[in-house]
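Student: Could you walk me through this structure, please?
Tutor: Gladly, have a look at it first.
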Amino acid sequence: MEQLMADLKAQIIEQLNLQEVKPEDIGNDEPLFKTGLGLDSIDALELIVLLQQHYNIRIANPEQGPEIFHSIRTMAEFITAQQKQQA
Amino acid sequence: MSNSAFITGTCIIREHQIILNEKQVFSGDGSELQDFLRAAYDHVSGQYPKFHKMDPLSKLGWLAAEVLLKNNPVLQLPAEAVGMVLANRSASLDTDLRYYATVKDIASPALFVYTLPNIVMGEICIRHGFKGENTFFVSEQFDPALLSVYPTQLLAETPLQACLVAWVEVMEQRYEVVMALVQRTGEQPLTKETLEALYLAR
């Protein structure tokens with residue numbers, strides 16, 4: 001889980017062009033939207049693309065979005081759960 | 001039409017240089033456009049992380065406005081009193097092509113939102129809080145007649161008190177920004193000739 005969260009931070013910084021943010025600036029439980037990283041709706045779409053490109057995961061239910069993308073940890077937990085289902 | 005529009009400031013970005021009111025304020029090395037834009041941002045601002053998400057067209061327009069408007073009293077005007085008239089040759093084609101390339105795999109939302117040329121005006125408006133009338137023209141060449149007559153009309157006949165007038169062109173590594181701040185009073189009239197002279201200035 002720790003490695004996955006570290007990977008996610010690096011991938012988010014690259015995918016969202018957060019050039020002034022370092023991985024260590026992003027807390028595992030920090031909100032990704034509004035406060036915290038301050039991501040916006042376009043960033044949310046890019047996170048969906050990131051899950052498809054890097055983890056081959058498609059979000060079937062868009063209403064799950066706020067829950068999945070709440071923080072690095074919730075993203076990592078979602079990815080881990082999906083990978084277990086696919087295994 | 002009597003002259004009711006005057007150029008009160010200018011910013012030119014070309015050949016990896018930023019020229020404010022005829023004085024060079026930044027010069028980059030011979031690197032790629034994206035490297036120059038990043039270096040210019042670090043020099044000029046460094047306090048607006050959203051800059052990194054913009055496409056080159058928006059970065060160029062944003063940078064010129066940032067330099068031109070720094071500490072300018074125009075920023076104190078009512079939001080509805082500051083407008084914009086911008087133009088270029090390639091519209092958003094530079095970004096359109098990069099977006100199209102992503103469609104073959106997974107379309108990029110971040111690129112898609114810049115597939116209109118007038119987005120650069122939105123970025124400048126968001127940065128400075130402007131809510132005045134704005135228009136983006138696409139023309140084959142820099143058109144000093146259009147870019148002088150129309151803003152003059154806006155300042156004479158609408159609530160606008162100031163207007164950013166600019167040619168903001170980019171296509172791959174070729175780029176050029178010629179921006180003027182135009183107001184109702186000043187010393188240098190906004191005319192086809194003064195704008196043409198500004199464009200040709202080196």
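This is a predicted model: local features need pLDDT of at least 70, side-chain atom pairs count only at pLDDT 80 or more; totals for chains, interfaces and linings use all residues.

Student: What's the secondary structure of chain A?
Tutor: Chain A has four helices and zero strands, where helices (H or I, at least four residues) and strands (E, at least two) are DSSP runs numbered from the N terminus.

Student: And how many of its residues touch chain B?
Tutor: Nine residues of chain A are in contact with eight residues of chain B, contact being C-beta atoms, placed from the backbone, that lie within 7 Å.

Student: New topic: where is Asn21(B)?
Tutor: Asn21(B) sits in the loop between strand S2 (17-20) and strand S3 (23-27) of chain B, and its phi is near 45°, a positive value in a residue other than glycine.

Student: What about Glu22(B), what is its phi?
Tutor: Glu22(B), which is not a glycine either, has a positive phi of about 75°, and this residue lies in the loop between S2 and S3 of chain B.

Student: Is Glu22(B) buried or exposed?
Tutor: Glu22(B) is exposed, because 9 other C-beta atoms lie within 10 Å; a residue is buried with 20 or more such atoms, exposed with 12 or fewer, and partly exposed in between, with C-beta atoms placed from the backbone. Asn21(B) is partly exposed, with 13.

Notes. Residues are numbered from 1 along each chain as its sequence is written. Chains are lettered from A and ligands numbered from 1 in the order in which they are written. Two residues are in contact if their C-beta atoms, placed from the backbone, lie within 7 Å.
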